[in-house]
Amino acid sequence: KDPEQEIARGNVAIFKKSVIGRVIETIDDKAKVMLLTDSKSRIPVISEVSRNRGILAGNNSSVMEIRYLAKNHGIVLGEMVYTSADGDQVPAGILVGIVTKISKNKVYVKMVEDISNIDRLTILQY
């Protein structure tokens, strides 16, 4: 095995064109991926137009919440959300989802991919 080709904890899991999770464990030639929708998942993100940064938190549903936003964030419905690379654990600029709901100071994001029938993933080493 080439050590540079090995999947490692923290690698990003991509399905089609967006991030769907991160590798949390590897055993031999297998990897366990935590989906972004998992209630334990947290990933730094940035909104496309308003350029607001926050932490995308899963909640075991198809819609996740961006936390730690400024009160007057300016995010709008339909805005795309990408990885921000804050914390230097995930590369910047990978699509995560789309803003589908805004209520008071809460912003909700839905994955753009239908993950109900995943047959293969791309693991991005960073």
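## Basis

Helices (H or I, at least four residues) and strands (E, at least two) are DSSP runs, numbered from the N terminus. This is a predicted model, where local features need pLDDT of at least 70, side-chain atom pairs count only at pLDDT 80 or more, and totals for chains, interfaces and linings use all residues. Residues are numbered from 1 along each chain as its sequence is written, and side-chain values use heavy atoms, with hydrogens and water left out.

## Positive phi in loops

Lys16 lies in the loop between strand S1 (12–15) and strand S2 (18–27). Its phi is positive, near 60 degrees, and Lys16 is not a glycine. Lys16 counts as exposed, at 68% relative accessibility. Buried means under 20% relative accessible area, exposed over 50%, partly exposed in between (1.4 Å probe, protein chains only).

Tyr68 sits in the loop between strand S6 (63–67) and S7. Phi of Tyr68 is positive too, about 65 degrees. At 67% relative accessibility, Tyr68 is exposed. Most residues other than glycine have a negative phi.

## Salt bridges

A salt bridge here is a side-chain nitrogen of Lys or Arg within 4 Å of a carboxyl oxygen of Asp or Glu. That rule gives 2 salt bridges.

One joins Asp86 and Arg53, at 3.0 Å from N to O. This pair links distant parts of the chain, 33 residues apart: Asp86 is in the loop between strand S7 (80–83) and strand S8 (95–103), Arg53 in strand S5 (residues 53–57). Asp86 is partly exposed at 35%, and Arg53 is partly exposed at 43%. Another pairs Lys30 with Asp29, at 3.4 Å from N to O. Lys30 is exposed at 59%, and Asp29 is exposed at 64%.
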